[in-house]
Amino acid sequence: MTEHTPDTDSTVVSTDEMDLDELREEIRSIDREIVELIAQRTYVADSIARVKTERGLATTDESQEEAVMARAGENAERFDVDANMVKAIFRLLIELNKIEQRNER
Ligand SMILES: C=C(O[C@@H]1C=C(C(=O)O)C=C[C@H]1O)C(=O)O
């Protein structure tokens, strides 16, 4: 059942709506953190690109990509989220990093 409580303006808002707003605020904060972490991952890729240039290494390192993907699967299981979905996201993150590295070199 939906309860109703007056807010500070004395208009009536449902507690269900308040919960929804709070939960969406939580999502908003998480979304910001996700983008911040993607940015951090991309900055590290810039540094890796410089090391690769110095050492004459190729941008793509398949064995490292396999290790990243395996870790993504393990972490998905650890946090009980769909491993295929998490791996699809990591595939995109890897491609994003490689585009960034190619621009950097
Ligand atoms: C970041 C690197 O460059 C590429 C991008 C990777 C990634 O985003 O995880 C992994 C391997 C490379 O193909 C790396 O070599 O570590």
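1. Read from the N terminus, the elements of the chain follow the order β-β-α-α-α, which amounts to three helices and two strands; helices (H or I, at least four residues) and strands (E, at least two) are DSSP runs, numbered from the N terminus. This is a predicted model, in which local features need pLDDT of at least 70 and side-chain atom pairs count only at pLDDT 80 or more, while totals for chains, interfaces and linings use all residues. Residues are numbered from 1 along each chain as its sequence is written.

2. Buried residues account for 3% of the 105 residues in the chain, where buried stands for 20 or more other C-beta atoms within 10 Å of a residue's own, exposed for 12 or fewer, and partly exposed for the range in between, with C-beta atoms placed from the backbone.

3. From its first C-alpha to its last, H2 reaches 24 Å, close to the 24 Å expected at 1.5 Å a residue, the expected span being 1.5 Å times one less than the number of residues.

4. H2 and H3 pack at an angle of about 145°, with their axes 9 Å apart; axes are lines fitted to C-alpha atoms, for helices over the stretch in contact, and angles run from 0 to 180 degrees between N-to-C directions. The residues making this contact include Met 69, Ala 72 and Gly 73 of H2, together with Val 86 and Phe 90 of H3, contact being defined by C-beta atoms, placed from the backbone, that lie within 7 Å. By class, the contact of H2 with H3 has eight nonpolar, one polar and three charged residues; Ala, Val, Leu, Ile, Met, Phe, Trp, Tyr, Cys and Pro count as nonpolar, Asp, Glu, Lys and Arg as charged, and the others, Gly among them, as polar.

5. Most residues other than glycine have a negative phi. Asp 80 is exposed, with 6 other C-beta atoms within 10 Å.

6. Around the ligand stand residues including Ala 45, Thr 60, Gln 64 and Asn 97, a residue being near a molecule if its C-beta atom, placed from the backbone, lies within 6 Å of it. Helix H1 (15-55), H2 and H3 each supply at least two residues of this shell, and H3 gives the most, with five. The shell divides into five nonpolar, four polar and three charged residues.

Definitions and conventions: Contact = placed C-beta atoms within 7 Å.
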